[in-house]
Amino acid sequence: MMIKIFKKILPAALCVAMISASCQRDEVILPQADVKPDKAVYKVNDSVRFQFTGDADMITFYSGEKGKEYKHRERVELEGGDLRVNIESQVLYGIQNDNLKLLVSTDFNGKYTKEDVESAAWTDISNRLTWCVAAGGAVGVRTVSDYASIKDLVKSGQPLYFGFKYKGLKSTSTAAQQRTWRIYQFNVQNKFSETETVPVTNRVGAGWTTVTTQASPKGIWVFNNADMIYYNPESNLEEVEKWAISKRFDPNKVAPDNGQSIKKYPDNRMKSYAYAFSKPGVYEVTFVFVNGNYKDVKETVKTIQVTVE
């Protein structure tokens, strides 16, 4: 891991200089370096000055802000989130009940064909949500569901797909026609605490694709309306099953946090470094001091706490 960090920090153009310098310094010494701030407490946008003692070939700075934390430098998945879904729905006309469901799959292969949809495992989460209810033939009132947790369905390293499945039954009478469904809101978010919620997608960003698993000459999903996606049965009297399936989501996937290279190999000795925090908080600031050549890399890690009011 140390070699990987060294290669990431060191620009390729400097490798020749390092190899040349190694003729005089084949043995890599553990950096004897330390760092301290001028004081422990600062104001927002103050210049926080860190004073160095000792030296190192390279120095990398992690401010401790979100996305810049040393402890998350190797993290590729978020943990501890509560993945949640909500919808706003409306049902209109017709009399057939329960003909729209929302399902989730973690093993759908992303090929939007009848065979691939049917071969995937789908979990019905419809009963976790509140749907619009209206008597046969009536126009229902738009209904917003509370957020429902689906964290029990999330599997590490596996994607997530959402699918609205419309099922229309055969009828011999226009009085028993299939119902129209409108979805005004579809939101997915990861809640990590009462103050931290990360949006995953919404109705527009979900990237819906229609898949017909039971064909009929009528009935269509419509995605290009500015206010909603909806299923129009087109007065269909034949049995039909048509899905609206989202694009792939990796709700817990995250890029590792990165530090900032503030000193490279040929630079002169660095005596101090200044940084300004734009938000109040208690930050774990980390400096990684690295010595290395083409044979070896050694590092010293120093973490200090800075309070910004």
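Mentor: Start with the cut-off. A salt bridge here is a side-chain nitrogen of Lys or Arg within 4 Å of a carboxyl oxygen of Asp or Glu. The model is predicted. Its mean pLDDT is 90, and 92% of the residues reach 70 or more. Residues 1–24 are the stretch to treat apart: the pLDDT there is below 50, with 31 contacts beyond near neighbours in sequence.

By this rule the model holds 12 salt bridges. Take Lys43 and Glu309. Their side chains meet with N to O at 3.6 Å. Lys43 lies in the loop between β2 and β3 (48–54), while Glu309 belongs to the segment after β20, so this pair ties together parts 266 residues apart in sequence.

Now place those strands. β2 and β20 belong to an open, mixed sheet of five strands, ordered β2-β20-β19-β4-β17. β2 (41–42) and β17 (260–263) are at the edges, each with a single partner strand, so one side of each has no neighbour in the sheet. Inside the sheet, β19 (residues 281–292) and β20 (residues 297–308) run antiparallel, joined by 12 bridges. One of these pairs Val290 with Glu299 in β20.

β3 has its own partner. It runs antiparallel to β18, and four bridges join the two. Arg49 has Ala274 of β18 as its bridge partner. Side chains alternate along β18 (residues 272–275).

Next, Glu196 and Lys66. Their closest N and O atoms are 3.4 Å apart. Glu196 sits in the loop between β11 (180–191) and β12 (197–201), and Lys66 in the loop between β4 (58–62) and β5 (82–92), so the pair ties together parts 130 residues apart in sequence. Glu196 is partly exposed, at 32% relative accessible area. Lys66 is exposed, at 68%.

Lys167 and Glu241 form a salt bridge, with the closest N and O atoms 3.8 Å apart. Lys167 is in β10 (residues 161–168) and Glu241 in β16 (residues 240–245), 74 residues apart. Lys167 is partly exposed, at 24% relative accessibility. Glu241 counts as buried, at 14%. The pair is part of a network of salt bridges that links Lys167, Glu239 and Glu241.

The largest core has 31 residues. Look at Leu102 in particular. Beyond residues up to four places away in sequence, Leu102 touches several others, including Val85, Ile87, Ile125, Leu129, Trp131, Phe162, Phe164 and Phe186. Its contacts also include Thr123, Asp124, Ser126 and Gly163.

So what does each pair tie together? Lys43 and Glu309 link a loop to the segment after β20. Glu196 and Lys66 link two loops. Lys167 and Glu241 link strands β10 and β16.

Conventions
Residues numbered from 1 in each chain as written. Predicted model: local features only at pLDDT ≥ 70, side-chain atom pairs only at ≥ 80, totals over all residues. Heavy atoms only, no water. Pairing = 2+ DSSP bridges. Buried < 20%, exposed > 50% of the residue type's maximum accessible area, 1.4 Å probe, protein only. Core = buried A, V, L, I, M, F, W, Y, C linked by side-chain atoms within 4.5 Å. Contact = heavy atoms within 4.5 Å. pLDDT = per-residue confidence, 0-100.
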